[in-house]
Amino acid sequence: MDETSSTQQQYPNLNPYENTNGNSNANGSVENAKNNVMNSEYPSTPPTTTFHHFNLPTAAQNTMNSVKNSQTVQSLNSGPMADKARYEADNTKTSFSNLAASKQTPSTQTATGQDLTHYHSFFYNLLSWQNPRATAISYLSIVIFIFATRYVPLVRYMLKAAYMILGITASAEIGGRLVLGQGFATKMRPQRYYKIPRETLESVMEDMTELANFFVIEMQRIVFAENIGVTVGVSLSSSSPTTSENFTNAHRTQAFTTALLTYFLVKITPAWGLALLFTTVGFFVPLAYIQNQEFIDAHVTNAQTMISNQATQVRDLASEHTNKAMNASSSALKDYGAKAQEMMGSAKKTAVEKGVVSEDTAAKAPGGTDGSSDVKTEDFPSAPASEPARYDGAPDEGISSQEQYGEKEPQNA
């Protein structure tokens, strides 16, 4: 007992329930420990789990803000590369803004007096490289789209992305409801679903109508040969394309040649190759013409001058040969006429000598006995020198209508 007391004094926390009450305190301590174990194994009230409300969009926004405001990002934003990137982005935005603002209806009209569409000005601005950045990006976008449709299974990737997104969304919604009592898709659902405004739909439809009318009008102008040089020509117009109409004419000059080449190329070239070829020609032929406009215009003018001179020479030669042919024909006709008169005169003379006809009868016939013609100008009546008197419809006084028109009244027997 003394040994236990000394141990207790040395380690007072070894038996905290031991005091002077002896066994009663020990029994109480054992009972309390038993009750604590029983309560911990079989609690009278079930534990409740509290889940804090977690707003995913707000958390993502806070994360983005923290990353944006970090010192590393701030140092990168203030660096020379960031300034250069912002400068290029601003120039690109300005270029596309100018391209969009060029959609104005031109003052030029068709041969039928109809107004053109604003897409005539738009495509003129685009293909004339007035905004090089926007034109280059548009060309690269078209080329990438052509190669993507050729080498990338876009439809399969779209279907794959669709089923993966829907599967992830459904799994997250079901898992969230089972674990948290509320799905993730439900938390991310907006207050109101997005709707396309009526004004937006009307503006899009109006724009699509203008685009369709652009192609319809240009096709009709080519088919009905509003400008024959445009329908059949093979080169750009010699005039400077300072207006959308001139520029459109310059492109329509390739209509016949393009259709002819396409007829033969479609047999050996795939569709994507033709699309790439015509896209490249449509974008870079105007650029080559604009960069070398003076050189091309000078040669086109020289060619037109040579063709005009050659046509004039051919026309003069044709006129000269025609005049010679007409003179030769006239001389031949005169010779044959003289020979015919001579033959007729000889025949009458022979007839008179043989006593077939008398000289008076022979003299009255065309062609004298001496072989010359007896027909003279005096033999023909002279043309009236004044106009005949007009009848105004009122008969003269004392003259009956029968007498006026040269009719006589029948006499009664």
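The expected span of a helix is 1.5 Å times one less than its number of residues. Helices here are DSSP runs of H or I with at least four residues, numbered from the N terminus. Keep both in mind for α10, the helix we start with below. You're looking at a predicted model, where local features need pLDDT of at least 70, side-chain atom pairs count only at pLDDT 80 or more, and totals for chains, interfaces and linings use all residues. Residues are numbered from 1 along each chain as its sequence is written, and side-chain values use heavy atoms, with hydrogens and water left out.

**Helix α10**
- With 26 residues (198–223), α10 reaches 37 Å from its first C-alpha to its last, close to the 38 Å expected at 1.5 Å a residue.
- Its buried residues (under 20% relative accessible area, 1.4 Å probe, protein chains only) are Phe214, Ile217, Glu218, Arg221 and Ile222.
- In an α-helix there are 3.6 residues a turn, so residues three or four places apart point the same way.
- After α10 comes Ala225, which has a positive phi near 50 degrees.

**The largest nonpolar core**
- A nonpolar core is a set of buried Ala, Val, Leu, Ile, Met, Phe, Trp, Tyr and Cys residues joined through side-chain atoms within 4.5 Å.
- The largest one has eleven residues, among them Leu99, Tyr119, Phe122, Phe214 and Phe283.
- At least two core residues come from each of α6, α7 and α14 (271–291), and α6 gives the most, with four.
- Tyr119 is in contact (heavy atoms within 4.5 Å) with Lys103, Asp207, Glu210, Leu211 and Phe214, leaving aside residues up to four places away in sequence.

**Two loop residues**
- Ser102 sits in the loop between α5 (80–101) and α6 (118–127).
- Ser102 counts as buried because its relative accessible area is 13%.
- Leaving aside residues up to four places away in sequence, Ser102 touches His118, Ser121, Phe122 and Asn125.
- Trp129 is found in the loop between α6 and α7, and its relative accessible area of 15% makes it buried.
- Although Trp129 isn't a glycine, its phi is positive, about 60 degrees.

**A nonpolar surface patch**
- Phe145, Phe147, Tyr151, Val152, Leu154, Tyr157 and Met158 form a nonpolar patch on the surface, with about 730 Å² of accessible area together.
- The elements giving two or more residues to this patch are α7 (132–151) and α8 (154–179).
- Leu154 belongs to α8 and is partly exposed, at 32% relative accessible area.

Definitions and conventions: Patch = residues over 30% accessible without salt bridge, like charges linked within 9 Å, V, L, I, M, F, W, Y side chains within 5 Å. Areas by Shrake-Rupley, 256 points an atom, 1.4 Å probe, with all protein chains shown as cover. Salt bridge = Lys/Arg side-chain N within 4 Å of Asp/Glu carboxyl O. Buried < 20%, exposed > 50% of the residue type's maximum accessible area, 1.4 Å probe, protein only.
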